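Subject: Structure handover

Hello,

Here is the structure I said I would pass on. Please open it first and read the notes below with it in view.

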Amino acid sequence: MKENMILELKNITVSFDGETVLDNLNLSIRDGEFVTFLGASGCGKTTTLRVIAGFITPDSGDVFFDGGRINDLPPYKRQVNTIFQRYALFPHLNVFDNVAFGLKVAGMKKEEIRPKVEEMLELVNMKAFAHRKIHTLSGGQQQRVAIARALVNSPRILLLDEPLAALDYKLRKDMQNELRRIQRATGITFIFVTHDQEEALSMSDTVVVMNEGKIQQIGSPTDIYNEPQNAFVADFIGESNIIDGVMLEDYKVRLDGRDFECLDKGFAPKEPVDVVIRPEDVDIVPLEKGKLEGEVTAITFKGDYYEMIVDVCGFKWMVQATDETKVGTKVGLIIEPDAIHIMKKSKYSGMFGDYSTFSDEMDQMDAEEEALEQMEESDNA
Amino acid sequence: MPESVNKGPSSSAPAGEKIRKTAKPKKKKAGTFGTALANTPFVVWSAAFIIIPLLFVLYYSFFDPEKGFSIEYIKVFFTEPMYMKAFGLSALYSVIATLISLVIAYPFAYFLSKVSPASQRLQMVLIMLPMWMNMLLRTYSWNQILQDNGLINKLLGVFGISSVHFLGTPGAVILGMVYNYLPYMILPIYTAMSKIDRPLLEASEDLGCNGFQKLRRVIFPLSLSGVISGVIMVFVPSISTFYISQKMSLGKVTLIGDIIEQQIKLHYAEGGLNRGAAMSLVLMIIILIATFIMNRFSDEDEGVLM
Ligand SMILES: Nc1ncnc2c1ncn2[C@@H]1O[C@H](COP(=O)(O)OP(=O)(O)O)[C@@H](O)[C@H]1O
Ligand SMILES: [Mg+2]
C-alpha cells in the first residue's frame, strides 16, 4: 500500500505571526488520484498547497514525495506544478511562450519544445491563440493557458488553487468536465482546491474537508456525504438536519422521544450522539401515520421538488418532497433506518443542522412575525 | 469558444484597473471643451517655457543680425575639430557614466524591492536626499572632498598613503556624473521592479527557475522598461553636462556642454550666441534620435518615460 503513495504530509504545522494556520495535518495521497481540498475561505487550503509546492517550509512535520523527505527541496526542484489562484501568466510572453516557459528553463531544444507546446494547446483548445498576448485573453482562456503551462512539464502532481472560482456558472461546469477529462487522460495526480462542495463532490476521487487548519474528514464523495464524521462536515456538505439523540443500544437510537431503528452500532449504552438526516430522506405522511409530528412553517418551490421547513417540537427540520403541502398543515414524518446516520459528539455539536434561522425567506418571515407581535403588543398597551 | 469576453480577472491587473478602463469612454464624452479648459495651464506653460525658447534656439541657429539666414553655424559644429572632439568626449563620458550607473542601480533596485516596505521608504528618502541640494553645490562639495589636501586624501594619509590626485582625471568627471545622475537610474528601475507581481516570481520558481533564471527570464524582461527610462534619464543630462566636467577635471576635460557655455558666455558678441544655439540644436536632435532608438528596444505598448 505504502509504495503507492506519491505524497504524504505528516504532522504538518504552520503558523503565521503566532497564529496556527495548519494544525497537525496528516494526509496521504495515492499516485494518479484526483484529490480535492474543500473548506471555507481562510481554512488553510492555499497554505497546504504552498507547503506541497515548497513555498512554505512547515514549522514542524514532514513532507514526503515518493517516500523521500522533501522538506528542504526548493520549489524549482520539485516535480510539482501549480495553477495559481489568479493564473500568474507572464505578461511579457505570448500564449505559446508562456506554455513553453518550463521546457525552456529545463533546457529543452526548440524543435522538441514546439510539438509539445502545440499538443498542450490542442488539449486545452487554445491552439488558435498561440500568438496572442496574455492581456487580450478572457478569464476562461487565461485559465486554459495556465493549465497548459503547468501540464506541459509532465509534473507528477498538479496543484490547482480554486482555478474555477472566477468563472461564470456555465463555463465553470465545462471546465470541471474538462479538468476531469484531462486528469484521466494524463494520469497525473491532481490536488484541487475549492470552497464549493458541489464541485468537490462531482469531480473528486477523494475529498479532504478542512476547517480552521484541521482536516475534518477524508473520504470518497459518497462517504463524505453519507457518513459525515461530525456536525461540521454534515452541515458543510449538502443540507442536513442534525438532531440530538441518544444511542439506546446497537441499531437503536432515540430522538425527540421516539425510538428509531438505524444501521449504526458500537456506541456506549445511553451515549449522547448527533443524528444526521438528509432532507430528501424524510418522508411526509398524514399526521396519524407519522412517527414524528410537526407543522409546515414554510415552503419553497425549487423546480423539481419542494423544500419545506417543518417544526417538530420547536426544532425546525428541512424536508424535501415532490408534493406540495400548505403552510400550517400538521403532518407526520417517517424516517427509514438507512436514512439515519449517527455521529459521535464533537466540538461542532449543536452549532449546525437546525433550520430555525434558515434562508432570507425565513428571516423575512421571522421579521414579519416579530413586527406583527410588536404591533399586537403596542395595540394592547 | 463558449466563454464570454473578459469575464475573469486579467492575470495581474487588480479589479480597479478594469473599472478605469470602462470608465474612460465616458470621460471623453464629457466634453472636449472641459478637457481643453483643464489643459489650458499646461498649454500656456509649455508654450512659454518649451516652445518659445525652442523657437529662439532655432532662430539663432540660422539667423544672425548681419548676414541673415545661414547654415554656417550648423556646419561649424561638424567642421571644427575642437567641437567634434568635445562632442566625441561627451558621448564617450556619458555612455560610460550611464553604464556605470546602470551597473550600480540595477542590483541596488533589485535588493531594494525585496526588503521590507518600511526599509524601502527610508532608503528611497536617502536616495532622493542629495537631489534636494543644488547640483552646483553637490559638485563643488565633491571638488572639495577630492582635493589634494581634501577629506579623502587626509583619510588616506592616516593609513600612510601619500596624496592621490583625483581631480583633473577623467575618473573624477565620471564620478561627478554618476553621483549626480544615479538617482534617475535607480528610481525608474525600482518602480518597474516593485510593480512585478509576486505570484509571477513564484510561478517562475514553480516552473523550474532557480534564482538566476528567475532574474533572467522574468525580472529582467519585466523591468526592462525601467532600465530604458533610467538609461535615457541619465544619458541625456550626461551628454550635455558642462559644470561637472570643469569642476572635476579642473578644466582639463572640455565637453560639448562646456563649449556651448563658453560660446554664449565669452564670445557672445562675435557670433557665440549663434554657434551656441546651433550646437544645442544639433545636440538636441542627436539626443532625440538616440532616445527614439532606445525606445524601440522596449515593448511597443509599454510607454517609456522620455
Ligand atoms: N503569508 C501570510 N502571512 C500571514 N497570514 C497568512 C499568510 N498566508 C495566509 N495567512 C492566513 O492563514 C489563514 C489561511 O489562509 P489560506 O491558506 O490562504 O486559506 P484558504 O486558501 O483556505 O482560503 C488565513 O487566516 C490567512 O489570513
Ligand atoms: Mg486560498
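Which residue in β18(A) is the bridge partner of V312(A)? The partner is F315(A). Please keep in mind throughout that this is a predicted model.

Chain A as a whole

Chain A has 381 residues, and 51% of them count as buried. Its secondary structure consists of nine helices and 20 strands. The C-alpha trace of chain A spans about 85 × 45 × 40 Å along its principal axes. Taking the contacts in chain A between residues at least 6 apart in sequence, 66% join residues at least 24 apart.

The sheet with β15 to β19

The pair from the opening question belongs to an open sheet of five strands in chain A, in the order β15-β19-β16-β17-β18, with antiparallel pairing. Its edge strands are β15 and β18 (315–321) of chain A, each of which pairs on one side only. On average, neighbouring strands of this sheet are turned by 45 degrees against each other, direction ignored.

Going through the pairings from the β15 side, strand β15 (residues 282–285) of chain A is joined to strand β19 (residues 330–335) of chain A by four bridges, and the two run antiparallel. One residue to look for here is I284(A), whose bridge partner in β19(A) is L333(A). β19(A) is also joined to strand β16 (residues 292–301) of chain A, again by four bridges and in the antiparallel sense. There, G332(A) in β19(A) stands opposite E293(A).

At the other end of the order, β17(A) and β18(A) run antiparallel and are joined by seven bridges. Strand β17 covers residues 306–312 of chain A and contains I309(A). Is I309(A) buried or exposed? I309(A) has a relative accessibility of 4%, so it counts as buried, the cut-off being under 20%. The C-alpha atoms of I309(A) and V319(A) are 6.2 Å apart in space, while the two residues are ten apart in sequence.

The sheet with β11 to β14 and β20

A further open sheet of five strands in chain A has the order β13-β12-β11-β14-β20, and its pairing is antiparallel. β13 (258–261) and β20 (340–344) of chain A stand at the edges; each has a single partner strand, so one side of each has no neighbour in the sheet. Neighbouring strands of this sheet are, on average, turned by 45 degrees against each other, direction ignored.

Within this sheet, three bridges pair strand β11 (residues 241–249) of chain A with strand β12 (residues 252–255) of chain A in the antiparallel sense. V253(A) in β12(A) stands opposite M247(A).

Most residues other than glycine have a negative phi.

- E162(A) is not a glycine, yet its phi is positive, at about 40 degrees. E162(A) lies in the loop between β7 (157–161) and α5 (169–186) of chain A. With a relative accessibility of 11%, E162(A) counts as buried.
- K270(A), also a residue other than glycine, has a positive phi near 65 degrees. K270(A) is found in the loop between β13 and β14 (271–277) of chain A. K270(A) is exposed, because its relative accessible area of 62% is over 50%.

A pocket in chain B

The last item is the second largest pocket, with a volume of about 290 Å³. Its lining is made up of Y110(B), S113(B), K114(B), M193(B), S194(B), I196(B), R198(B), L201(B), E202(B), E205(B), K214(B) and I219(B). Which elements give two or more residues to this lining? They are α8 (170–194), α9 (198–206) and α10 (211–239) of chain B. The largest share comes from α9(B), with four residues. Sorted by class, the lining of this pocket has five nonpolar, two polar and five charged residues.

For a first look, you could start with V312(A) and its bridge partner F315(A), then move to the loop that holds E162(A), and end at the pocket residues, including Y110(B) and I219(B).

Regards

Methods: Residues numbered from 1 in each chain as written. Chains lettered and ligands numbered in written order. Predicted model: local features only at pLDDT ≥ 70, side-chain atom pairs only at ≥ 80, totals over all residues. Heavy atoms only, no water. Pairing = 2+ DSSP bridges. Axes fitted to C-alpha atoms, helices over the stretch in contact; angles between N-to-C directions. 1 Å grid on protein atoms, 1.4 Å probe; cavity = no way out; pocket = protein on both sides within 12 Å on 5 of 7 lines; lining within 4 Å. Points joined across faces, edges and corners; volume = space filled by probe spheres on them. Nonpolar A, V, L, I, M, F, W, Y, C, P; charged D, E, K, R; others polar. Buried < 20%, exposed > 50% of the residue type's maximum accessible area, 1.4 Å probe, protein only. Contact = heavy atoms within 4.5 Å.
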